[in-house]
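Colleague: I would like to learn how to read a few features of a protein model. Please give the general idea and then the case at hand.

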Amino acid sequence: MRVTIGRRTLLVATLTAAGAAALTAAFAPAWAHGPTRQKVRESIEINAAPAKVWAAMGNFQDMSWLPPVTKTEGEKGNEIGATRKLMLTGGAIVDEELYKFDAAAMTYSYRITNVDVKVLPVTNYSSTLTVTPSADGKGSTLEWAGAFYRGFPNNDPPPELSDEAAVKAVKGLYQAGLEALKKKIESGS
């Protein structure tokens, strides 16, 4: 093996560095990072016992408390794998599937299996609803937490399918739902 120091070594080092830079520039778009999983977590204090809150929202087949929902149809009750169709104001439909349910812990998790991104600009959406006693012990805390990707899976999404649009839509949905449920429970309706 012969090692040459001087012009040849410098030339090889220069070509190697230049080649790496050229390859990086040429393939950078293909290596670009795609969308990041977004998360939204909202909670509300409800002036009612946890069991009362759970009774109002713990049935996977009943989303009547969520403002845009006009009707819910489903199968298999609260069994893992249960499905439901949410009919929304304006005629849109959202299909969902239950994948965790724990009545004793007052929590359940579901995923959206089909939704038009014009209705809710998300993909790969899953969320969990959980009821716990409030910190002061006088009521309940209801938490709604979700994780999802924006409605446009590639780089450079249109504004209505961006990360910001997805987070804004989910946050608005959670806040409206939690407020409606609080009002329903506290008013006794």
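Colleague: Leaving aside neighbours within four places in sequence, which residues is Trp 54 in contact with?

Modeller: Contact means heavy atoms within 4.5 Å. Trp 54, with neighbours within four places in sequence left aside, is in contact with Phe 101, Asp 102, Ala 103, Met 106, Thr 107, Tyr 108 and Val 131. This is a predicted model, where local features need pLDDT of at least 70, side-chain atom pairs count only at pLDDT 80 or more, and totals for chains, interfaces and linings use all residues. Residues are numbered from 1 along each chain as its sequence is written, and side-chain values use heavy atoms, with hydrogens and water left out.

Colleague: Is Trp 54 buried or exposed?

Modeller: Buried means under 20% relative accessible area, exposed over 50%, and partly exposed in between (1.4 Å probe, protein chains only). Trp 54 counts as buried because its relative accessibility is 13%. Trp 54 lies in helix α2, residues 50-57; helices (H or I, at least four residues) and strands (E, at least two) are DSSP runs, numbered from the N terminus.

Colleague: Where is Gln 38 found, and what does its side chain reach?

Modeller: Gln 38 is found in strand β1, residues 38-46, and counts as buried at 16% relative accessibility. Its side chain reaches the backbone oxygen of Thr 36 at 2.9 Å. Leaving aside neighbours within four places in sequence, the contacts of Gln 38 include Phe 148 and Val 167.

Colleague: How many salt bridges does a search of the whole structure find?

Modeller: Side chains of opposite charge can pair when their charged atoms come close. A salt bridge is a side-chain nitrogen of Lys or Arg within 4 Å of a carboxyl oxygen of Asp or Glu. A search of the whole structure finds 8. One of them joins the side chains of Glu 143 and Arg 41, at 2.9 Å from N to O. This pair links distant parts of the chain, with Glu 143 in strand β7 (residues 140-150) and Arg 41 in strand β1, 102 residues apart. Glu 143 is partly exposed at 25% relative accessibility, whereas Arg 41 is exposed, with a relative accessible area of 57%.

Colleague: How far apart are the closest N and O atoms of Glu 186 and Lys 182?

Modeller: In this salt bridge they are 3.0 Å apart. Glu 186 and Lys 182 are separated by about one helical turn, because they are 4 residues apart in helix α3. Glu 186 counts as partly exposed at 38% relative accessibility, and Lys 182 counts as partly exposed at 22%.

Notes. A polar contact is a pair of N or O atoms within 3.5 Å; within protein, one must be able to donate a hydrogen and the other to accept it, and residues adjacent in sequence count only if both atoms are side-chain atoms.
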